[in-house]
Amino acid sequence: MAQIGTSENPLRVAIIGSGPSGFYAADHLQKQKDMTVQIDMYDKLPTPFGLVRGGVAPDHQKIKSVTKVYDKIADNPNFRFYGHVAFGTDITYADLADHYHAVIYAVGAQTDRALGIAGEHLIGSHAATEFVGWYNGHPDYRHLQFDLSQKSAAIIGVGNVAMDVARILARSQAELMTTDIADYALEALAKSNITDIHIFGRRGPAQAAFTNPEIKELGEMEEADIIIAPEEITLDPFSRAYLESGDADKKDVKNVQIMEELAKRAPEGKRKRIYMHFLASPIELLGRECVEKMVVVHNELIPDDKGELRPRATDRHNTYDVGLAFRSVGYMGVALPDVPFYEKWGTIPHILGRVLTVHNSDTPHIGNYVVGWIKRGPSGIIGTNKPDSIETAESLLADFRAGQVLSPKNPSREAVESLLKGRGVRVVTYADWQRLDRLEVARGEAVGRPRLKFCSVVEMLTALDENPS
């Protein structure tokens with residue numbers, strides 16, 4: 001048999017997940033001039049792109065244009081997409097070990113961290129990921145319901161996802177009509193009674209995780225005033241010293257400047273209001289069956305032994321009347337069948353992208369690699385995944401050259417496809433996805449919107465059957 005990595009016997013790599021980190025890993029492997037790499041990318045959904053499709057806010061269409069880069073990667077003849085194939089059921093780790101020299105996990109972080117407070121499981125208390133998936137038309141979340149008859153909502157967290165949730169709740173119907181938000185969500189939000197949106201951060205304005213455009217955008221809403229009381233952005237001495245130091249992140253400095261300007265604005269009397277609250281942690285949700293109130297404790301910032309500012313509860317409390325609560329305090333990864341996992345961090349343990357048999361060991365799980373949020377935790381923006389994925393791809397290539405990869409019994413695409421066919425799995429190819437893409441765009445154009453998504457797997461498969469070309 002020819003040497004592995006040649007056109008006759010290519011290096012076979014399976015990528016589980018089709019978000020940005022998976023595509024960037026594929027891209028780097030494809031760019032190797034001295035070898036042939038065959039990449040098979042799997043996703044449980046018929047549609048690729050992960051959070052670019054199911055997580056990026058619908059009113060941020062420009063960000064989604066990054067998928068044009070992924071289209072070029074998928075156009076490589078050595079790339080193949082296997083959509084509608086679930087890892088762990090339709091295809092298992094044992095199957096992959098029989099057909100690939102290496103496996104890269106690019107599954108992201110699929111759930112939210114819990115708050116761990118009383119009343120968190122009352123009706124009306126939701127993970128932000130659920131709401132985001134719902135309004136983006138993700139098939140796993142379209143069945144959910146949110147009681148938008150309420151007048152007031154709380155958003156716990158001050159990252160970009162929290163800002164997205166606030167914006168979508170505050171947008172006018174006219175604004176949402178210019179987006180690719182799911183049609184059922186557009187209809188529900190048009191009837192929403194929510195007028196007051198409270199955003200809570202446990203630390204101060206200088207520690208807010210959102211980026212400058214996200215907070216600036218809240219001051220540009222057609223139908224909502226942003227209200228920041230002066231005391232909310234009064235900086236403690238430690239935060240002030242940080243911002244004035246040479247170590248200050250430019251994002252943090254600019255965030256505070258933007259919020260100081262927004263705080264000076266008088267409300268215009270718009271129909272909705274967004275309130276920013278800092279140094280406030282929820283400690284209880286109250287209500288008989290549904291969320292009716294939220295109790296928060298006010299914090300002060302204290303440096304820890306590393307100089308990091310940490311919130312410490314005071315004896316001051318406030319209670320807010322809210323009928324909905326969205327927690328947005330960080331995404332968490334979910335364990336995969338037969339793949340090492342570190343529960344505490346919600347990540348796959350690794351060194352430089354090489355999966356380890358257990359956390360804090362130095363024993364690699366040969367032939368297994370990880371990229372993206374399931375590797376490093378939920379941090380960074382889409383572009384952050386590129387260097388992260390390159391690091392992992394380089395580890396894989398180094399291991400391949402050292403002979404430290406899997407030894408599959410049948411490393412061929414034909415064998416994999418025969419296996420899936422024998423199990424009755426209906427595979428959705430990249431060409432199939434491109435047909436769905438064209439259909440969604442055409443449906444959107446018909447109603448004056450950029451795209452009208454198919455929001456269930458059944459709808460997607462039916463659309464492909466009814467539009468074979």
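Predicted model: local features only at pLDDT ≥ 70, side-chain atom pairs only at ≥ 80, totals over all residues.
Trainee: Let's start with helix pairs. At what angle do helix H6 and helix H7 pack, and how far apart are their axes?

Mentor: For any pair of helices, look at the angle, the axis distance and then the residues that touch. Helix H6 covers residues 128-135 and helix H7 covers residues 160-170; they pack at about 50°, with axes 10 Å apart. H6 and H7 are therefore oblique to each other. As for the sense of the crossing, H6 passes H7 in a left-handed way.

Trainee: Which residues make that contact?

Mentor: On the H6 side you will find Ala128, Phe131, Val132 and Tyr135, and on the H7 side Val161, Asp164, Val165, Ile168 and Leu169. Sorted by class, the contact of H6 with H7 has eight nonpolar residues, no polar ones and one charged.

Trainee: How many residues of H6 are buried?

Mentor: Burial is read residue by residue from relative accessibility. H6 is mostly covered, with seven of its eight residues buried. Those buried in H6 are Ala128, Thr129, Phe131, Val132, Gly133, Trp134 and Tyr135. After H6 comes Gly137, which has a positive phi near 75°.

Trainee: What do the buried residues of helix H9 pack against?

Mentor: Begin with the list of residues, then go to their partners. Helix H9 spans residues 183-190, and its buried residues are Tyr184, Ala185, Leu186 and Leu189. These buried residues of H9 pack against H6, H7 and helix H8, which is 173-176. That brings us back to the pair we began with.

Trainee: Now a second pair. How do the axes of H1 and H14 cross?

Mentor: The axes of helix H1, residues 20-30, and H14 cross at roughly 50° and come within 8 Å. H1 and H14 are therefore oblique to each other. Here H1 passes H14 in a right-handed crossing.

Trainee: Which residues of H1 and H14 meet?

Mentor: From H1 come Pro20, Ser21, Tyr24, Ala25, His28 and Leu29; from H14 come Asn385, Lys386, Ser389, Ile390, Ala393, Glu394, Leu396 and Leu397. By class, that contact of H1 with H14 has eight nonpolar, four polar and two charged residues.

Trainee: Staying in H14, is Thr392 buried or exposed?

Mentor: For a single residue, take its element, its accessibility and its partners in turn. Thr392 lies in helix H14, which runs over residues 385-401. Its relative accessibility is 0%, so Thr392 counts as buried. The side chains of Thr392 and Lys375 are joined by a polar contact of 3.0 Å. Leaving aside neighbours within four places in sequence, Thr392 is in contact with Leu352, Gly353, Tyr369, Val370, Val371 and Lys375.

Trainee: What does the side chain of Asp95 reach?

Mentor: Asp95 sits in helix H5, residues 93-99, and its side chain reaches the backbone nitrogen of Thr92 at 2.9 Å. With a relative accessible area of 10%, Asp95 is buried, because the cut-off for buried is under 20%. Apart from neighbours within four places in sequence, Asp95 is in contact with Leu419 and Arg423.

Trainee: And which residues does Lys251 touch?

Mentor: Lys251 is found in helix H12, residues 250-264. Not counting residues up to four places away in sequence, Lys251 touches Ala208, Ala209, Phe210, Thr211 and Asn212. For a distance across the chain, take the C-alpha atoms of Lys251 and Asp71: they are 180 residues apart along the chain and separated by 31 Å.

Trainee: Let's finish with backbone angles. What is the phi of Asp338, and where is Asp338 found?

Mentor: Asp338 is not a glycine, although its phi is positive, about 65°. Asp338 is found in the loop between strand S15 (331-332) and strand S16 (350-351). At 59% relative accessibility, Asp338 counts as exposed.

Trainee: Where does Asn360 lie?

Mentor: Asn360 lies in the loop between strand S17 (354-356) and strand S18 (364-370). Asn360 has a positive phi of about 70° although it is not a glycine. Asn360 is exposed, with a relative accessible area of 69%.

Methods: Residues numbered from 1 in each chain as written. Heavy atoms only, no water. Axes fitted to C-alpha atoms, helices over the stretch in contact; angles between N-to-C directions. Helix = DSSP H or I, 4+ residues; strand = E, 2+ residues; numbered from the N terminus. Parallel < 35°, antiparallel > 145°, perpendicular 65-115°, else oblique. Left-handed = near helix turned anticlockwise from the far one by under 90°. Contact = heavy atoms within 4.5 Å. Nonpolar A, V, L, I, M, F, W, Y, C, P; charged D, E, K, R; others polar. Buried < 20%, exposed > 50% of the residue type's maximum accessible area, 1.4 Å probe, protein only. Polar contact = N/O pair within 3.5 Å; in protein donor to acceptor, adjacent residues only side chain to side chain.
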